[in-house]
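Keep the coordinates open as you read.

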Amino acid sequence: MPTLSGLRLALALCLITTAVNLQAPYYDALAAHDGLGVTATSIAFACYVLGILPVLILGSGLPDRYGRRAMIATALGLCLVATLLTWLAPGVVTLGIARFLMGIAAALTSATAPAYMLALFDGRDTRGPTAWVTASTSLGFGLGAALTSLCLVHEPSLAPPSLWWYLCAASLALLGLWRLEDATSSPPAPMRLRMPTYPVGGVAFGVAILLAWATVGLVIAILPGVLARHGLSAWSGFATLGICSGGVLFQPLARRLDPTISVRLGLLILPLAYALIAWGALDGRLSAVLLGAVGASSACYGFIYLGGLSGVLEAAGDQAARASAGFFLMAYLGFSVPVVVTGALMERISQHHALIAFGLALFTASLAVGGWLWQQDRRPERLA
């Protein structure tokens, strides 16, 4: 039954992404414990992408060789190891190692999950399976940070109970993958180098998700330090929940829209929501931060994520795995590089000016990509 199999896969995807932001609310505390600054935690945060890039660029053929279920199980196992490390030896260096392992897990998931879910739904309309993938992963990205924030509000710690809660839940999800259907060819296909690809119009969708996840990465990695000036860093996990998981509420609407229209709507919302987040963080207004986070999430994980991934898969034909790898490659570049640059700017100039600079760049790029998508609707061009 596709629904039951889809639920089991969705639970595993949710717990893989839950691991990614479990430590986010106490990045600032880890830096202070090690006598380091925001640049150090930004680099540790970006180690995530060091694990992602090689797998997304070179490993698109892994699911065909070893099976999709094995890739998801491996990803979940890596998240368990990474979380265990941060629980046993909290510190910025350990965080960087854990982020690297989680990056490998995220890349395996990104290259496998969309095509796997599509197969479990017997290849029907792509938007249904895509919605399962985007909803489960979006919920997970925010859930881990929120659970940790709840623990930190109760009692500050560098090894909060949310970590061992996660270890228990992820172990159960790993058992749930046992005997999950896997239609990967048998005997295994020979291992081939398969680079990410972009079908017609795919690059524009990729740049859109790059901008969206750059905003998400900034809120996760840098916002706790900004809020710390107002004694609000323990609440940053709820901002992460808002910006990652709030978009689930908007995915039913995004699913009814044409992918290009959905992405353009998200690009319209994104700079406005970011402006509210930045103003609230700099002025110590938690309600503005949370409201802006939900608004940004409607763009990042609602209209742009679902619309962009649906558009890429619709255009990909039998290259779904390579096309989704290309889409997520752009997403994770956005999730890291702008965060490191903005973190460095904060130490060189100021939090205020760095956040304004990011906002101006985001507004300009969103306007340009929105125009690009509008032109593609009128005059499609083939992209490599």
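**A tour of the model**

At 39% relative accessibility, D283 counts as partly exposed, where partly exposed is the range between buried (under 20% relative accessible area) and exposed (over 50%), with a 1.4 Å probe and protein chains only. This is a predicted model, in which local features need pLDDT of at least 70 and side-chain atom pairs count only at pLDDT 80 or more, while totals for chains, interfaces and linings use all residues. Residues are numbered from 1 along each chain as its sequence is written, and side-chain values use heavy atoms, with hydrogens and water left out.

Stay with D283 for its partner. The side chain of D283 meets that of R285 in a salt bridge, at 2.6 Å from N to O. The term covers a side-chain nitrogen of Lys or Arg within 4 Å of a carboxyl oxygen of Asp or Glu. R285 is also partly exposed, because its relative accessibility is 42%. How many salt bridges does a search of the whole structure find? The search finds 1.

Now go to the empty space. Rolling a probe the size of a water molecule over the atoms shows where empty space is left. The structure holds 3 cavities of 30 Å³ or more. A cavity here is a set of points, on a 1 Å grid over the protein atoms alone, where a 1.4 Å probe fits but cannot get out; lining residues have an atom within 4 Å of a point. Grid points are joined across faces, edges and corners, and a volume is the space filled by probe spheres set on the points. The largest cavity has a volume of about 90 Å³.

Which residues line the largest cavity? They are T17, A106, T109, S110, A113, P114, V133, T137, F141, Y305, F328 and Y332. Helix 6 (92-120), helix 7 (127-154) and helix 15 (320-348) each give two or more residues to this lining. Helices are DSSP runs (H or I, at least four residues), numbered from the N terminus. Helix 6 gives the most, with 5 residues. By class, the lining has 8 nonpolar, 4 polar and no charged residues. Here Ala, Val, Leu, Ile, Met, Phe, Trp, Tyr, Cys and Pro count as nonpolar, Asp, Glu, Lys and Arg as charged, and the others, Gly among them, as polar.

The largest nonpolar core has 115 residues. Such a core is a set of buried Ala, Val, Leu, Ile, Met, Phe, Trp, Tyr and Cys residues joined through side-chain atoms within 4.5 Å. Y332 is among the residues with the most contacts inside it, as are Y48, L56, I209, W213 and V216. Not counting residues up to four places away in sequence, Y332 touches Y48, V49, I52, L56, A106, S110, F141 and W213. Contact means heavy atoms within 4.5 Å.

Next, look at L13, in helix 1 (residues 2-20). L13 counts as buried, because its relative accessibility is 0%. Beyond its neighbours within four places in sequence, its contacts include T109, A113, V133 and T137.

Turn to I277, in helix 13 (residues 259-283). At 3% relative accessibility, I277 is buried. Among its contacts outside four places in sequence are V219, I243 and V289. Helix 11 (residues 236-245) is largely enclosed by the rest of the structure, because 8 of its 10 residues are buried. I243 is one of those buried residues.

Finish at S366, in helix 16 (residues 351-378). S366 is buried at 4% relative accessibility. Leaving aside neighbours within four places, S366 is in contact with L211, L267, L270 and P271.

How values were computed:
1 Å grid on protein atoms, 1.4 Å probe; cavity = no way out; pocket = protein on both sides within 12 Å on 5 of 7 lines; lining within 4 Å.
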